Amino acid sequence: MSEETTLETTLDDLVIANRILANEGVIDAFGHVSIRDPRRPDRYFLARSRSPELVERGDIMEFDLEGNPTGGDARQPYLERFIHAAAYEARPDVQAVVHAHAEDVLPFGISAAPLRPVIHSGSFMGEHVPLWDIRDRFGDTNLLVTSMPQGRDLARTLGGNNVALMRGHGFVAAARSLIEVVRMSVYVPRNARALLNGLRLGDIKPLSEGEVAARNSGYKPYSLETRRAWKYWAHKAGCAHLVEDHPIDHQHKPWGA
C-alpha cells in the first residue's frame, strides 16, 4: 500500500471514528478522537473544533506533539488538543486517543467507587483505571486541559493504562489502533452502566486479573470479529460507504460466532 493510500485510509477512518462515537452516545457536541500520523510519529490528526457527528475529511487538521497546528493551518482547533499531544508524546505505543464526557462514566470520577471491568466487553479498559484531578497541581480551573503542562500531568496519571478518569469531566482512552480505541470507548460507558446497576443490588464481582489477561491475549485489532463491530457501528452512523473493504471480511466464519 502506498503512503498516499495509507494516508487516505487513515483520514477516512478518523471520520468514521468521529461518526461512530457520536452515534453511540460516547461523545456529543463535545469530545474528540485522534490518530497518529502513519508517516510521522511526531504528528497526529484531529478534527478542527466541530461537533464530531458533523466531521468530514476537510475538517481534519494535523498537529505536532506540542499541540500546534502544522502547515500554517489557522482554523480553530479543539481547546483540549493537548490531551492528545501529551498522550502521543508520552506513549510511543499509542496510535489513537479519545476524550469523552460519557454520562455513565462521570459518577466514578467524583466518588470513591473505582471503575472496574465487570462485563467481558469492558475488559479492554484494563483492571485498573486511575483518576486524575486537575486541581491537585493546577488549583481551581475550568477543568479543561488547555496547555501542555496540564496534558502531560494527565498523561502521567494515565501511565501505561488504557483509560484514565478525569474528575468532574470525563475520561481519556489510548490504544494501539483507532479501531481499538473506538471499541474501548464504546464499551467503557456500557461497563460503567452495568457496574452502577450492579452496585444498586449489592456486592459486585468484577473481572479477575486472569480474566482480563485472557481477554487481552485473544484480542486482535483487525480480526473478523472486530471488523464486524466496526462495520456495524459505521452502518448505524450512516458512513458505511467510507469503510474500506478488507480481505479479512471475506474469510469464512464458523456458525454461532
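Predicted model: local features only at pLDDT ≥ 70, side-chain atom pairs only at ≥ 80, totals over all residues.
**A helix, a sheet and a pocket**

Hi everyone, let's start with helix α5, which covers residues 178-201.

Just after α5 comes Gly202, with a positive phi of about 140 degrees.

Now to the sheet. As a reminder, strands of a sheet pair through backbone hydrogen bonds, either parallel or antiparallel. Here the sheet is open, with seven strands and mixed pairing. Reading across, the order is β3-β2-β1-β4-β7-β6-β5. Which strands are at the edges? They are β3, residues 60-64, and β5, residues 131-132, and each of them pairs on one side only.

Let's stay with β5 for a moment. Its partner β6, residues 163-166, runs parallel to β5, and two bridges join the pair. If you click on Trp132, you can look for its bridge partner in β6, which is Met166.

Last stop: the second largest pocket, which holds about 260 Å³ of space. How many residues line this pocket? There are 15, and Phe30, His32, Tyr78, Leu79 and Glu80 are the ones nearest its centre. Sorted by class, the lining has six nonpolar, seven polar and two charged residues.

How values were computed. Residues numbered from 1 in each chain as written. Heavy atoms only, no water. Pairing = 2+ DSSP bridges. Helix = DSSP H or I, 4+ residues; strand = E, 2+ residues; numbered from the N terminus. 1 Å grid on protein atoms, 1.4 Å probe; cavity = no way out; pocket = protein on both sides within 12 Å on 5 of 7 lines; lining within 4 Å. Points joined across faces, edges and corners; volume = space filled by probe spheres on them. Nonpolar A, V, L, I, M, F, W, Y, C, P; charged D, E, K, R; others polar. Expected span 1.5 Å × (residues − 1).
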